[in-house]
Amino acid sequence: MKKQILDLTVRAVERLSEKHVLIRLTDEQPLPEMVPGQFVEVRVDGSTSTFLRRPISINMVNREKNELWLMVAMVGDGTRKLGQLQPGDKLNCLLPLGNGFTLQDGRTALNTESADLTKHSSPLLVGGGVGVAPLLYLGAEMKRMGMEPTFLLGGRTKNDLLELDLFNRYGRVCVTTEDGSMGEKGFVTNHSVLGESFDMICTCGPTPMMKAVARYAKQRGIYCEVSLENMMACGLGACLCCVEKTVDGNLCVCKDGPVFPISKLTWE
């Protein structure tokens, strides 16, 4: 998939929570093809302390409105600067980067198992924190393909649960909070929905959460893909700061991932 550097126009910046914003971008030309699980490297202009691009997951691609959505957690100088963007501003983006989740039309992640996902009708999509971002686009694409995704989303409190109204458009939504302020109390791996039958799991979020989800999937023989969130700088596999040990040796998450089937990882 061809990579491009584009100066995209900010159409809107929406506050999702105290520390999260949704940036909606557009362009005069049709946006390039992007698949769920890929990401964008954005340049942070006007910051005296941010010299490298910031990797941001693709939250949604709205073809009708020619919009790209990026969910940004404002945790540092660079991301806080992104949260200050205004409609009409330009944001320089390198995109699309990485390999996405495996989809039934042949667009695949790093997957030598040749999983036939046309047979998967009940996928479970598990996200925690800002890791829910790529699951919205994934769920929308699965719905378009005739699948019926179930979302299992977790946060510390109800204020950490983002875009619930949008997730509800594409499937059933189950939630957990550590303080019990919404949904079931506890972690996503404690939710009662895990007693049901699923034939595919996709997950993104904190590494301990993803490892727990991967163990659950492996114990039950369910095909599972994870989207890793290693520290990334270049997004092209040149700087080697995002290397992950796999059964095939050390691979760059930004170039060879960020999505991997759990059979390729050495977590166990």
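These legends describe close-up views of a predicted model.

**View 1. A seven-strand sheet is open and has mixed pairing.** The strand order is S10-S9-S8-S7-S11-S12-S15. Strand S10 (184-185) and strand S15 (259-261) stand at the edges. Each has a single partner strand, so one side of each is left without a neighbour in the sheet. Strands of a sheet pair through backbone hydrogen bonds, either parallel or antiparallel.

**View 2. Strands S9 and S10 pair in the parallel sense.** S9 covers residues 172-177. Two bridges join S9 and S10. Thr-177 stands opposite Lys-185 in S10. Helix H4 packs on the sheet, where it touches S7, S11 and strand S12 (223-227). The direction of H4 makes about 170° with that of S11.

**View 3. Helix H2 (residues 133-144) is largely enclosed by the rest of the structure.** Why is H2 described as largely enclosed? Ten of its twelve residues are buried, so the rest of the structure largely encloses H2. Among the buried residues are Ala-133, Pro-134, Tyr-137, Glu-141 and Met-142. Their cover includes strand S4 (54-62), strand S5 (67-73), strand S8 (150-155) and helix H3 (164-167). S7 and strand S11 (200-204) are also part of that cover. H2 lies across S7, S8 and S11. H2 runs at about 165° to S7. After H2 comes Gly-146, with a positive phi near 95°.

**View 4. The structure holds one cavity of 30 Å³ or more.** The volume of this largest cavity is about 40 Å³. Which residues line the largest cavity? They are Leu-124, Val-126, Leu-152, Val-188, Thr-189, Leu-194, Ile-201, Val-213 and Tyr-216. Strand S7 (123-128) and helix H4 (207-220) each supply at least two residues of the lining. By class, eight lining residues are nonpolar, one is polar and none is charged.

**View 5. The peptide bonds from Leu-95 to Pro-96 and from Gly-257 to Pro-258 are cis.** Omega is near -15° for the bond from Leu-95 to Pro-96. Pro-96 is in strand S6 (residues 90-97). For the bond from Gly-257 to Pro-258, omega is near 5°. Pro-258 is in the loop between helix H5 (253-256) and S15.

**View 6. Asn-66 and Leu-240 have positive phi values.** Asn-66 lies in the loop between S4 and S5. Leu-240 is in the loop between S12 and strand S13 (243-246). Is each residue buried or exposed? Asn-66 is buried, with a relative accessible area of 16%. Leu-240 counts as exposed, at 54% relative accessibility.

Terms used. Residues are numbered from 1 along each chain as its sequence is written. This is a predicted model: local features need pLDDT of at least 70, side-chain atom pairs count only at pLDDT 80 or more; totals for chains, interfaces and linings use all residues. Side-chain values use heavy atoms; hydrogens and water are left out. On a 1 Å grid over the protein atoms alone, a cavity is a set of points where a 1.4 Å probe fits but cannot get out, and a pocket is an open set with protein on both sides within 12 Å along at least five of seven lines; lining residues have an atom within 4 Å of a point. Grid points are joined across faces, edges and corners, and a volume is the space filled by probe spheres set on the points. Helices (H or I, at least four residues) and strands (E, at least two) are DSSP runs, numbered from the N terminus. Ala, Val, Leu, Ile, Met, Phe, Trp, Tyr, Cys and Pro count as nonpolar, Asp, Glu, Lys and Arg as charged, and the others, Gly among them, as polar. Buried means under 20% relative accessible area, exposed over 50%, partly exposed in between (1.4 Å probe, protein chains only). Contact means heavy atoms within 4.5 Å. Two strands pair if DSSP finds at least two bridges between them. Axes are lines fitted to C-alpha atoms, for helices over the stretch in contact, and angles run from 0 to 180 degrees between N-to-C directions.
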